[in-house]
Amino acid sequence: MKKVFERPISLKDKPFRYCPGCSHGVLHRIVAETIDHFGVRERTIGIAPVGCAVFAYDYFDIDMIEVPHGRPPAIATGMKRSRPGSIVFSYQGDGDLAAIGTAEIIHAAARGENITVIFVNNGNYGMTGGQMAPTTLPGQKTTTTPTGRDVKEAGNPLRICEMLATLEGPVYIERVSVDSPKNVLAAKKAIRKAFKNQIDGLGFSLVEVLSMCPTDWGMAPKQAVDWVRNSMMKYYPLGVYKGSRQ
């Protein structure tokens with residue numbers, strides 16, 4: 001019998017402990033399949049910060065580094081410059097990359113560092129209880145905005161792709177989602193492109209992934225998928241913001 005589906009070599013054979021309906025499991029598989037596709041597992045280094053993303057080192061069967069909150073782009077920069085033959089990627093949530101790590105991501109992008117960034121946007125601080133993040137939508141309820149985000153008090157959400165696309169350094173910026181099989185396939189193409197850019201020495205690439213967080217959103221998984229489609233995508237439109245996926 002022909003085998004058409006199996007666990008990627010770069011993914012450990014162990015159960016995920018993410019919440020039901022969370023998108024991290026899907027994303028882990030996409031990244032692992034990408035590493036396998038290019039045959040670079042032995043020279044790939046993943047950088048994971050504080051937050052739900054920190055569990056990545058338990059699941060990727062590659063060299064992983066756990067770093068302080070917000071610092072993955074800085075650590076990835078040092079790692080890539082000291083080991084230029086390595087394939088270095090950071091795997092970051094929105095509370096990490098778009099809050100305490102804002103300076104690091106902006107300056108790594110501005111310098112055009114030859115690294116790959118996977119940015120998981122679920123609109124809240126997932127690990128620590130669902131507090132408001134820089135990406136929380138206007139009016140969205142969180143544990144720290146029980147009546148909804150008030151932009152007069154908290155400001156407007158950050159659109160990371162749109163912001164970084166104004167810089168000269170990045171070669172590729174795209175926002176994708178994993179809410180449907182079609183969009184999962186599009187996300188896989190985008191992440192492969194981001195890794196290929198690094199392999200070819202082209203420079204900085206970032207793929208933002210709109211992700212479900214049913215537990216902290218207080219929703220059933222199906223409701224969370226609908227929230228991504230009907231609310232998040234309106235504020236964070238999918239698409240290529242710099243460069244080309246081709």
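A: The accessible surface of the protein comes to about 10,900 Å², and carbon and sulfur atoms hold 55% of that area. The model is a predicted one.

Q: What makes the radius of gyration of the protein agree with that of a compact globule?
A: For 246 residues, a compact globule would have a radius of gyration near 18 Å, and the protein has 17 Å, so the value agrees. The C-alpha trace spans about 50 × 50 × 35 Å along the principal axes. Buried residues account for 52% of the 246 residues. Of the contacts with a separation of 6 or more, 69% are between residues 24 or more positions apart.

Q: How many helices and strands does the protein have?
A: There are ten helices and nine strands.

Q: Which residues of the largest nonpolar core touch the most other members?
A: That core has 42 residues, and the ones touching the most other members are Val31, Phe60, Phe89, Tyr91, Ile191 and Val207. Elements that give it two or more residues include helix H1 (24–38), strand E3 (87–93), helix H8 (181–199) and helix H10 (221–235). H10 provides the largest share, six residues. Another core, of 20 residues, lies apart from it, with Ile47, Val88, Ala109 and Ile173 among its members.

Q: With which residues is Phe89 in contact, leaving aside its neighbours within four places in sequence?
A: Among them are Val31, Ile35, Phe60, Ile118 and Phe195. A contact here requires heavy atoms within 4.5 Å.

Q: Why is His24 called buried?
A: The relative accessible area of His24 is 4%, and buried means under 20%. His24 is therefore buried. This residue lies in helix H1. Leaving aside neighbours within four places in sequence, His24 is in contact with Tyr18, Cys52, Ala53, Tyr91 and Val120.

Q: What makes Asp58 and Arg17 a salt bridge?
A: Their side chains meet at 2.8 Å, N to O, and the cut-off is 4 Å between a side-chain nitrogen of Lys or Arg and a carboxyl oxygen of Asp or Glu. The pair therefore qualifies as a salt bridge. Asp58 in helix H2 and Arg17 in the segment before H1 are 41 residues apart, and the pair links distant parts of the chain. A search of the whole structure finds 14 salt bridges.

Q: Why does Asp58 count as buried, and why is Arg17 partly exposed?
A: Asp58 has 14% relative accessibility, so it counts as buried under the 20% limit. Arg17 has a relative accessible area of 47%, which places it between the limits of 20% and 50% and therefore in the partly exposed class.

Q: Why does Arg81 count as exposed?
A: Its relative accessibility is 57%, and exposed means over 50%. Arg81 forms a salt bridge with Glu113 (2.6 Å, N to O). Glu113, at 7% relative accessibility, counts as buried.

Q: How do you know that the pair of Arg245 and Glu174 links distant parts of the chain?
A: Arg245 is in the segment after strand E9 (239–242) and Glu174 is in strand E7, 71 residues apart. Their side chains meet in a salt bridge at 2.5 Å, N to O. Arg245 counts as partly exposed at 28% relative accessibility, whereas Glu174 is buried at 2%.

Q: Why is the aromatic pair of Tyr18 and Tyr59 called tilted?
A: The planes are 55 degrees apart; under 30 degrees would be stacked and over 60 edge-to-face, so this pair falls in the remaining class, tilted. The centres are 5.7 Å apart, within the 6.5 Å limit. Tyr18 lies in the segment before H1 and Tyr59 in helix H2, so the pair ties together parts 41 residues apart in sequence. Both tyrosines are buried.

Q: What makes the pair of Phe60 and Tyr91 edge-to-face?
A: The angle between the planes is 70 degrees, and edge-to-face means over 60. Their centres are 6.4 Å apart, within the 6.5 Å limit. Phe60 and Tyr91 are both buried.

How values were computed. Residues are numbered from 1 along each chain as its sequence is written. This is a predicted model: local features need pLDDT of at least 70, side-chain atom pairs count only at pLDDT 80 or more; totals for chains, interfaces and linings use all residues. Side-chain values use heavy atoms; hydrogens and water are left out. A nonpolar core is a set of buried Ala, Val, Leu, Ile, Met, Phe, Trp, Tyr and Cys residues joined through side-chain atoms within 4.5 Å. Buried means under 20% relative accessible area, exposed over 50%, partly exposed in between (1.4 Å probe, protein chains only). Helices (H or I, at least four residues) and strands (E, at least two) are DSSP runs, numbered from the N terminus. The radius of gyration is taken over C-alpha atoms; the globule rule is 2.2 Å times the number of residues to the power 0.38. Accessible areas come from the Shrake-Rupley method with a 1.4 Å probe; for residues, only the protein chains shown count as cover. Rings of Phe, Tyr and Trp (its six-membered ring) pair if their centres lie within 6.5 Å; planes under 30 degrees apart count as stacked, over 60 as edge-to-face and the rest as tilted.
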